[in-house]
Amino acid sequence: MKKTAFFLTLLVITFLIIYFNINSTNNKKISLNSNVAFENKSFINVVKPLTDDEKIYLKEQDDEKDSSKENNNEEKDNLNIDDWKLVLVNYENALPENFEIKLANIDKTRKFDSRAISYLNDMLKAMRKDGIENVWVQSAYRSIEYQKGLYNDKINSYIKLGKTREEAEELTLKKINKPGTSEHNLGLSVDFNYVDYTFDETKGFKWLQENAENYGFILRYKKEKEDITKIDYEPWHWRFVGVENAKKMNELDMCLEEYIEYRKK
Ligand SMILES: [Zn+2]
């Protein structure tokens, strides 16, 4: 009898153990399922329609990407033309008022861009070596302030002669570049001798036509380019653009305006 009772107890215990085991496995299964359910729920979160805030955020991110793309393109364009030797200053491209430049002295009063002055000095030396003594720099760098003074003095002189301010300004523009639109404000141009048309009959002019490109200088305002430069022929005005550019411009027979367009392509 005792034995039977013992086996019965054992049976009950075994039954209970099996029962609880199954239950706990089921619980695990349930908790596993709830994990899946949770993950599914978070998945649903990702694909659910965006809130307005999220839309705005994403649009801003896109815009940022777009504008950085644009900036990269701008940088590429600038790589071609953003060369200090090729800065274009003319009737429609003025230098900024706060334009800064490091100057070096040609002589006691005349100044030139310090990055280019050695080319100018070498050119003048070579000219003398070839027997040309009578070529000198008459005018080089002019500050925008100085240009303003010239410009305003001229306007006032016309007003004193009885012109209205408007008439005076119109007349002045024919003689003097507006401050900031003269290549002399850039510090890369020189006028030789007396700013005289007969300069192109001199040996010095002939020498410059043949050799200036080897020192990075070009005749800036040619007769046949007046339509483009909007400046009358000036045999005395020479501009530094660097040796490579000067040679290429002569080879292609292009003025600076044309050459810059050509380089942009
Ligand atoms: Zn000049």
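What is the order of the four strands in the open sheet? The points below start there. The model is predicted.

1. **The sheet.** The order is β3-β4-β6-β5, and the pairing is antiparallel. β3 (137–139) and β5 stand at the edges. Each has a single partner strand, so one side of each is left without a neighbour in the sheet. On average, neighbouring strands are turned by 45° against each other, direction ignored.

2. **The β5–β6 pair.** Three bridges join β5 and β6, in the antiparallel sense. Phenylalanine 217 stands opposite phenylalanine 240 in β6. Strands of a sheet pair through backbone hydrogen bonds, either parallel or antiparallel.

3. **The core.** The largest nonpolar core has 32 residues. Those that touch the most other members are Leu120, Met123, Ala212, Phe217, Ile218, Trp238 and Phe240. Several elements give two or more residues to this core: α3, β4, α6, β5 (217–219), β6, α8 (243–252) and α9 (256–264). α3 gives the most, with four residues. In soluble globular proteins, nonpolar side chains tend to be buried together.

4. **Methionine 123.** Take Met123, one of the core residues that touch the most other members. Leave aside its neighbours within four places in sequence. Methionine 123 is then in contact with Ala212, Tyr215 and Phe217. Ala212 and Phe217 are also among the core residues that touch the most other members.

5. **Helix α6.** This helix covers residues 203–211, and its buried residues are Gly204, Phe205 and Leu208. Seen down the axis of α6, they fall within an arc of 100°, so they line one face of the helix. They pack against α3 (117–129), β4 (189–192) and β6 (237–240). What does the face turned away from the buried side carry? Lys206 and Glu210, both exposed, are found there.

6. **Asparagine 193.** Most residues other than glycine have a negative phi, and most peptide bonds are trans. Asparagine 193 is not a glycine, yet has a positive phi of about 55°. This asparagine is found in the loop between β4 and α6. Asparagine 193 has 17 other C-beta atoms within 10 Å, so it is partly exposed.

7. **Lysine 230.** Here too phi is positive in a residue other than glycine: for lysine 230 the value is near 65°. Where is lysine 230 placed? Its place is in the loop between α7 (226–229) and β6. Why does lysine 230 count as exposed? Because it has 12 C-beta neighbours inside 10 Å, and a residue with 12 or fewer is exposed.

Methods:
Residues are numbered from 1 along each chain as its sequence is written. This is a predicted model: local features need pLDDT of at least 70, side-chain atom pairs count only at pLDDT 80 or more; totals for chains, interfaces and linings use all residues. A residue is buried if 20 or more other C-beta atoms lie within 10 Å of its own, exposed if 12 or fewer, and partly exposed in between; C-beta atoms are placed from the backbone. The arc is that of the directions from the helix axis to the C-beta atoms. Two residues are in contact if their C-beta atoms, placed from the backbone, lie within 7 Å. A nonpolar core is a set of buried Ala, Val, Leu, Ile, Met, Phe, Trp, Tyr and Cys residues joined through C-beta atoms within 7 Å. Two strands pair if DSSP finds at least two bridges between them. Axes are lines fitted to C-alpha atoms, for helices over the stretch in contact, and angles run from 0 to 180 degrees between N-to-C directions.
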